[in-house]
Amino acid sequence: MKSDLDGALPNSPQENIAFADDTILFVSEKLTQNATEKFIRLYEKLKILTGLEVNPTKSNYLALSENINPNFMSALSKLAQPQTSLEHLGVSIAFSHEQAKFETFDKVQKAMKNKMKIITERL
């Protein structure tokens, strides 16, 4: 696959695989078949150019609409596992605002109780 970046990269392929954490991709529910194919090609090109690869067993996605293109959802399922909620930067994101609010509050409340226990044990 040729890319505009080919001249900037070494001639030998990357041998080490690196990983990136906490990436979020927002996708419109109006995604077309053409856009889906472009997404797949882009992912494949980036994998070749950078040596980075998505680990589908450690990656998750959250569909915030029931109307996302089924072809895109099928392609995405090869890269990640579906979830009903995700945490990003300490905040829960979910299809249900109530679920997200509860999960975020619950996590903060548990953290505060744990800190309080540590503080009282030191007194």
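Me: Is E87 buried, partly exposed or exposed, and what is its relative accessibility?
Reply: In this predicted model, E87 counts as partly exposed, at 47% relative accessibility.

Me: Which residue does E87 meet in a salt bridge?
Reply: The side chain of E87 meets that of K107, with an N to O distance of 2.6 Å. This pair links distant parts of the chain, with K107 in helix 3 (residues 97–122) and E87 in strand 3 (residues 85–88), 20 residues apart.

Me: And K107, is that buried or partly exposed?
Reply: K107 is partly exposed, and its relative accessible area is 39%.

Me: How many salt bridges does the structure hold?
Reply: The structure holds 4 salt bridges.

Me: New topic: what does E44 do with K47?
Reply: The side chains of E44 and K47 meet in a salt bridge of 3.7 Å, N to O. Because E44 and K47 lie 3 residues apart in helix 1 (residues 33–50), they are separated by about one helical turn.

Me: How accessible are E44 and K47?
Reply: E44 is partly exposed, with a relative accessible area of 28%. K47 also counts as partly exposed, at 25% relative accessibility.

Key:
Residues are numbered from 1 along each chain as its sequence is written. This is a predicted model: local features need pLDDT of at least 70, side-chain atom pairs count only at pLDDT 80 or more; totals for chains, interfaces and linings use all residues. Side-chain values use heavy atoms; hydrogens and water are left out. Helices (H or I, at least four residues) and strands (E, at least two) are DSSP runs, numbered from the N terminus. Buried means under 20% relative accessible area, exposed over 50%, partly exposed in between (1.4 Å probe, protein chains only).
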